[in-house]
Amino acid sequence: MPMFVRLAVADVEASKQWFHTVLEFESVFDIPHSMAHLRGRRYQDVLIVKGEVPEQVGQGVTLSFSWKEPVDEIVPRLKAAGGKIVDGPVDRPWNARELVIEDPNGYRMSFSRQLANKEFGEVMSGVEADK
């Protein structure tokens with residue numbers, strides 16, 4: 001776990017359940033009602049800790065995850081859990097399909113999946129052509 005994010009949440013158990021249900025993150029270690037170390041895929045670690053959630057969460061910061069499955073598959077689970085879609089799913093010129101969501105604590109997360117197996121030069125040529 002070379003890098004991870006630590007998120008202050010009002011209710012650790014509710015946040016943990018949200019990450020399990022919507023994003024299919026698994027528990028690595030937790031202390032009930034105090035903290036939970038969760039993992040999506042390799043290097044997708046989140047530490048949620050009981051604490052005061054800032055009034056303006058994140059302000060311009062979005063957690064970004066590279067996603068192996070189609071990002072569209074997150075949408076039904078998110079909607080069933082009463083989550084919020086901020087943007088997408090949408091195809092981006094940089095060869096990615098992205099979905100940006102907001103969790104119940106107000107933290108923004110972006111999920112991105114490569115659209116096609118293209119070389120960097122091909123992607124950049126397409127971006128330049130769109131200008």
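**Exercise 1. Classify D45 as buried or exposed, and identify the partner of its side chain in a salt bridge.**

Solution. In this predicted model, D45 has a relative accessibility of 5%. Buried means under 20% relative accessible area, so D45 counts as buried. The side chain of D45 meets that of R39 in a salt bridge, at 2.8 Å from N to O. R39, with a relative accessible area of 31%, is partly exposed. The bridge is one of 10 salt bridges found in a search of the whole structure.

**Exercise 2. Determine which residues are joined with E13 into one network of salt bridges, and describe the pairing of E13 with K16.**

Solution. Salt bridges with shared partners link E13, K16 and D30 into one network. Within it, E13 forms a salt bridge with K16, and their closest N and O atoms are 3.3 Å apart. Next, locate the pair: both residues belong to helix 1, which spans residues 12–23. They are three residues apart, about one turn of the helix. Finally, assign accessibility. E13 has a relative accessible area of 24% and is partly exposed, whereas K16, at 12%, is buried.

**Exercise 3. Explain why the salt bridge between E24 and R77 ties together parts that are 53 residues apart in sequence.**

Solution. Begin with the geometry: the closest N and O atoms of E24 and R77 are 3.7 Å apart. The salt-bridge criterion is a separation within 4 Å, and the pair is accordingly listed as a salt bridge. Then place each partner. E24 lies in the loop between helix 1 and strand 2 (26–31), while R77 lies in helix 2 (residues 74–80), so the pair ties together parts 53 residues apart in sequence. As to accessibility, E24 is partly exposed at 41%, and R77 is partly exposed at 21%.

**Exercise 4. Identify the element that gives the most to the largest nonpolar core, and state which residues F19 contacts beyond its neighbours within four places in sequence.**

Solution. The largest nonpolar core has 25 residues, of which F19, L23, I48, M109 and F111 touch the most other members. Elements giving two or more residues to this core include strand 1 (5–9), strand 4 (45–50), helix 2 and strand 8 (108–114). Helix 1 gives the most, with five residues. For F19, set aside the neighbours within four places in sequence; the contacts are then L7, E24, F25, L38, V46, I48, D103 and M109.

How values were computed
Residues numbered from 1 in each chain as written. Predicted model: local features only at pLDDT ≥ 70, side-chain atom pairs only at ≥ 80, totals over all residues. Heavy atoms only, no water. Helix = DSSP H or I, 4+ residues; strand = E, 2+ residues; numbered from the N terminus. Buried < 20%, exposed > 50% of the residue type's maximum accessible area, 1.4 Å probe, protein only. Core = buried A, V, L, I, M, F, W, Y, C linked by side-chain atoms within 4.5 Å. Contact = heavy atoms within 4.5 Å.
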